[in-house]
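Dear colleague,

Please find the structure below, together with its sequence. My findings follow it, and I would be grateful if you could read them alongside the model.

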Amino acid sequence: SEDNPRDRTSLMKGAKDIAKVAKRQAVKKVNKVVDRASDEYSHSRAYHRFQDEDDADYYSQPEGNYEGNHANDEEGSSDATEGHDDEDEMYEGEYQGIPSDSKPGDGQVALGRPVADGLKDRRELESERQADEEELAQQYELIIQECGHGRFQWQLFFTLGLALMSDGVEVFVVGFVLPSAETDMCVPDSSSGWLGSIVYLGMMVGAFFWGGMADKVGRRQCLLICMSVNGFFAFLSSFVQSYGFFLLCRTIAGFGIGGAVPIVFSYFAEVLSREKRGEHLSWLCMFWMIGEIYASAMAWAIIPHYGWSFSMGSAYQFHSWRVFVVVCALPCICSVVALTFMPESPRFYLEVGKHDEAWMILKQIHDTNMRARGQPEKVFTVNRIKIPKQIDEFVEMHTESSNAVSKVIFRVKTELYGIWLTLMKCFIYPVKDNTVKLAIVWFTLSFGYYGLSVWFPDVIKHLQADEYASKVQLHNNELTEDFTFNFTLENQIHTNGVFINDRFVNMKFKSVTFINTTFQNCYFEDVTSVGCFFRNCTFIDAFFYNTDIDDSKLINTKVTNCSFHHNKTGCQMTFDDDYSAYWVYFVNFLGTLAVLPGNIVSALLMDKIGRLSMLGFSMVLSGISCFFLWFGTSEAMMIGMLCLYNGLSISAWNSLDVVTVELYPTDRRGTGFGFCNALCKFAAVLGNLIFGSLVSITKAIPILLASSVLVGGGLVGLRLPDTRSNVLM
């Protein structure tokens, strides 16, 4: 019929209207379900990721915008959408923005939208980040207090303590093996002393590099790498035979261990609450002392035992000092193993915007401590943590076509440039003045401490040498015929003597000098000589078998018709009946034990009398104690002065470590601490060189120099700001 087309058109239009209504209702229902699920999820979750696209703050919708389908809860469609085509339709619940006929002009943003970071000045972004960091510092302190102090902190305490112990061992192992290593490897006097200086230089570079890297890639990861480097090359150095290769291994080992001190204190401070920080960081300092005691005790027990050695022909010698080097690498290896079970610093994760990772570690700290207290049911209630605004840095990209070597070089240059930029932040307001003062205190304390640490043992050695020389036996114009020497000759000078048909068999010359002496038809077999020289002597028809008498000991000596068979090669070492070797290690052992009372006192009083008072007065008293060295005329008095000085100065070291950690904000804490520690090692090198050169010249200059720098550094330390009540920024 005629109505059929019209009916069909009406029917199709009605069906289309029904489909539109159904589609709108379906979208509304889906949106409601999604919003309800999102609300329930956000309330049930213990935490959620911060969104830093806008203000790096707790995310919320700006006023005036649509918020899901809540903008229009009425059922049915609006007239504005009725009759539109499908592709032009916008349904309720869809964000439509603010209608505008044109794009925003320059310097303008659409109403209701936050200002993009790209349109903000960098100074404005940094001020926003600074405000965020101040808020985070307060919140983080409350979170750490909720986590409590318990099993987790003690586990980390002993783990980081092993790393700090390794640093103490590394400082002293060099001094202990230096005489033996140089003798074993036949190092001339012109090259001696390089080992001590070059290892300190390696530690200086390592402190700056690893401290800076810890602010970029994390505390745990950097500490794990630098301790692995130290352990591997320290272990390797015990097997090398070349002095040059030995220097290289010890330098790289020093580069690795250089990062221990700045990273360890930064790492541990970031899991401690304000009221626990000073005391427990001071207890952590005791591990450095334990490292000294360990190195002194092992040197005393191992190095003088020449029998603890083996050789593979004449090419490979493994003496007791090499065993000592292996034993001293054990704390480092243990720390590497323990670190693999510890998490990263949550404070570092928050600083770089890794909210979820930080929350998980904080929950781990809380749950570990609560289980240890017998409260496993206690729930970690923190659900939101502030994260600072992340400011993007411009990074130069490298071409993919470059080879591996150029990529590595480029990466190293990039990382070093990043460390340099972070260091420059330590010299801008508000930490610039603190950095300069800290640098002065670190330099003066290290210069005085390490300088006197070298000077004390050398003075004791000179006193011993003077006493030893006073007991020398003089033999003039003696004539010895047909006699067999099978015992040790020690501390003797033979002048204008004559030895005829004598036998020197299975015996030792120790500090014996022959001057203008004639040996005729003498037999030498299995002879070892230490500090023995033949000056202007004459050998006629002599026979040498398995001895170490060579050209270096025959000074201006005439040898006629003599034969040498199976001479011992290399430099001979012996500690048998060597009282001085035992005595040097024992003196260091006593000096280290004297630190124990100072460590205990500083830990107990750090939070009571304050860091600055302890730092300043400890340095001033240490400087004053140096004046008592005027009266040190015997070994016993010098050892007493050494113990007094070490006991007074340790409190300054402990308080300086705590103050340095607390003065720097998290984003440059490792870099600032590493810079100060690098200055410390540089001052140690200068102290070794300057004080070492003055040992045999005068006593006045070292005493006045050490006193003045210690007192001056202590007075500067008193000008630092008090950090006892500070939260970690």
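Strand E9 (residues 518-520) and strand E12 (residues 538-540) run parallel and are joined by 3 bridges; two strands pair if DSSP finds at least two bridges between them. Helices (H or I, at least four residues) and strands (E, at least two) are DSSP runs, numbered from the N terminus. The model is a predicted one, in which local features need pLDDT of at least 70 and side-chain atom pairs count only at pLDDT 80 or more, whereas totals for chains, interfaces and linings use all residues. Residues are numbered from 1 along each chain as its sequence is written, and side-chain values use heavy atoms, with hydrogens and water left out.

Within strand E9 lies Phe519, which stands opposite Phe539 in E12. Phe519 has a relative accessible area of 0% and is therefore buried (buried means under 20% relative accessible area, exposed over 50%, partly exposed in between, with a 1.4 Å probe and protein chains only). Not counting residues up to four places away in sequence, Phe519 touches Phe499, Phe504, Phe514, Phe524, Phe534, Thr538, Phe539 and Ile540, where contact means heavy atoms within 4.5 Å. Between Phe519 and Cys537 there are 7.9 Å in space, C-alpha to C-alpha, for a separation of 18 residues in sequence.

E9 and E12 belong to an open sheet of 5 strands with parallel pairing, in the order E4-E7-E9-E12-E15. Strand E4 (479-481) and strand E15 (558-560) stand at the edges with a single partner strand each, so one side of each has no neighbour in the sheet. On average, neighbouring strands of this sheet are turned by 5° against each other, direction ignored. Axes are lines fitted to C-alpha atoms, for helices over the stretch in contact, and angles run from 0 to 180 degrees between N-to-C directions.

Strand E6 (residues 489-495) is largely enclosed by the rest of the structure, because 5 of its 7 residues are buried. E6 pairs in the parallel sense with strand E3 (residues 473-476) over 4 bridges, and His494 in E6 is the bridge partner of His475. E6 also runs parallel to strand E8 (residues 503-515), to which 6 bridges join it; here Thr495 has Ile515 in E8 as its bridge partner.

Turning to the helices, the buried residues of helix H10 (residues 330-339) are Pro331, Cys332, Ser335, Val336, Ala338 and Leu339. They cover an arc of only 165° around the axis, which puts them on the same side of H10; the arc is that of the directions from the helix axis to the C-beta atoms.

Helix H16 (residues 595-609) packs against helix H17 (residues 611-625) at an angle of about 125°, with the axes 7 Å apart. H16 is therefore oblique to H17 (angles under 35 degrees count as roughly parallel, over 145 as roughly antiparallel, 65 to 115 as roughly perpendicular and the rest as oblique). The contact involves Val601, Ser602, Leu605, Met606, Asp607 and Ile609 of H16, and Arg611, Ser613 and Met614 of H17.

Thr660 is found in helix H18 (residues 635-663) and counts as buried at 0% relative accessibility. Apart from its neighbours within four places in sequence, Thr660 is in contact with Leu438, Trp442 and Phe673.

For the chain overall, the secondary structure comes to 20 helices and 16 strands, and buried residues make up 47% of the 729 residues.

Yours sincerely
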